[in-house]
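Hi,

Here is the structure I promised to pass on. Have a look at it first, and then read my notes below.

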Amino acid sequence: MSFINYASREINCKIVYYGPGLCGKTTNLQHIYNKSAEETKGKMISLATETERTLFFDFLPLALGEIRGFKTRFHLYTVPGQVFYDASRKLILKGVDGVVFVADSQDERLDANIESMENLKDNLEEQGFDLEKLPFVIQYNKVDLPNTTPIEELRELLNPGGVPDMTACAMTGEGVFETLKLVAKQVLIDLKKGGS
Amino acid sequence: MLAPQNTFVMYEEELNRIIVLIEKLLRESNSKVIFLVDKNGQLIASTGATENLDTTSLASLTAGNIAATGGLAKLIGEKEFSILFHEGEKDNIHISIVGGRVILVVIFDHRSSLGLVRLRVKKASEELGAVFDDLAKKTEEGGEKAAVDSPFAEITDDDIDNLFN
């Protein structure tokens, strides 16, 4: 649910990075944080365990610039990927404007990807959202590793609906901003239609 | 009340009314900082000694806090916990829900007390609730017109591409 503030001429949107444990959601946000100009970003908050696994969420506010005299701000969130944090994941999806599904392209994580995608659909439905109507993109992360599932196969299993998708390597930052751009664009187009 | 997934719109007139109300609450409760956040973590308004505060982070964490305790409430069969109180060594935070969807946060120290804050918050909540009701009505009535007048109706692909340059 975007927040349009006519008084301060601002528009705020919420984007959630979803995906199985250790797929690179937090790494995506960290890269965006490290590479964004000082004046455009706020503080990045990570509610993580001592072993740096996300416990509740990561949060990064990002100001992208102006559209038609309105400042556009995106609030980026990640969910905890581990299966047993499902109650927390549901809470973070509240009021979401766009979702990025970060898939772990490694062979041994194929089942985890499918399970997480099903979990995303279920949790969105519970909040009254339909994934097919929501701005949604998929990122196939870790494609630089040797033991990955071919992209065609990943696409067939995770993206039967043909939403915008791309490959990435969040550790080096390859594809990270491109993914953000893909989802931001969809969110803004949705806003234009008067949807969300 | 606003439908849960509608776009939340704030107009100048209502924002001014809200600011008057929270400034009054700040004085009457003798508190340090007051801010209003929507349940999704967007900061709506703030007043008081906010210069050294990261209000964006505060807003997001407050909403996370309310969401988490709301989840706890449901687990034990409650609808929600409408008031949260965090006591610190110097500063305390009083968090309450206004009109079912907006979060009112009051930060205060020894110059005030929990009793005073609770009393003043209760009165201010009613007045703030009325403003948000008006806002909901206005958004509903203006919904179709706003879609036509919306500054975003004419966004072009170039506008969007420019954001990332």
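Two strands count as paired if DSSP finds at least two bridges between them. Keep in mind that this is a predicted model. With that rule in hand, look at where the chains meet: E1(A) and strand E1 (residues 8-10) of chain B run parallel and are joined by 3 bridges. In that pairing, A:Phe3 sits opposite B:Phe8 of E1(B).

Now zoom out to the whole contact. Chain A puts in 36 residues and chain B 34 residues. On chain A's side, the elements giving two or more residues include strand E1 (3-5), strand E2 (10-18) and helix H5 (176-192). E4(A) provides the largest share of that side, with 7 residues. Sorted by class, the side of chain A that touches chain B has 17 nonpolar, 12 polar and 7 charged residues.

Last stop: A:Gln82, in the loop between E5 and H2 of chain A. Is A:Gln82 buried or partly exposed? A residue needs 20 or more other C-beta atoms within 10 Å to be buried; A:Gln82 has 16, so it is partly exposed. Leaving out residues up to four places away in sequence, A:Gln82 touches A:Gly21 and A:Arg53. A:Ile11 is 71 residues from A:Gln82 in sequence and 32 Å from it in space, C-alpha to C-alpha.

Cheers

Notes
Residues are numbered from 1 along each chain as its sequence is written. Chains are lettered from A and ligands numbered from 1 in the order in which they are written. This is a predicted model: local features need pLDDT of at least 70, side-chain atom pairs count only at pLDDT 80 or more; totals for chains, interfaces and linings use all residues. Two residues are in contact if their C-beta atoms, placed from the backbone, lie within 7 Å. Helices (H or I, at least four residues) and strands (E, at least two) are DSSP runs, numbered from the N terminus. Ala, Val, Leu, Ile, Met, Phe, Trp, Tyr, Cys and Pro count as nonpolar, Asp, Glu, Lys and Arg as charged, and the others, Gly among them, as polar. A residue is buried if 20 or more other C-beta atoms lie within 10 Å of its own, exposed if 12 or fewer, and partly exposed in between; C-beta atoms are placed from the backbone.
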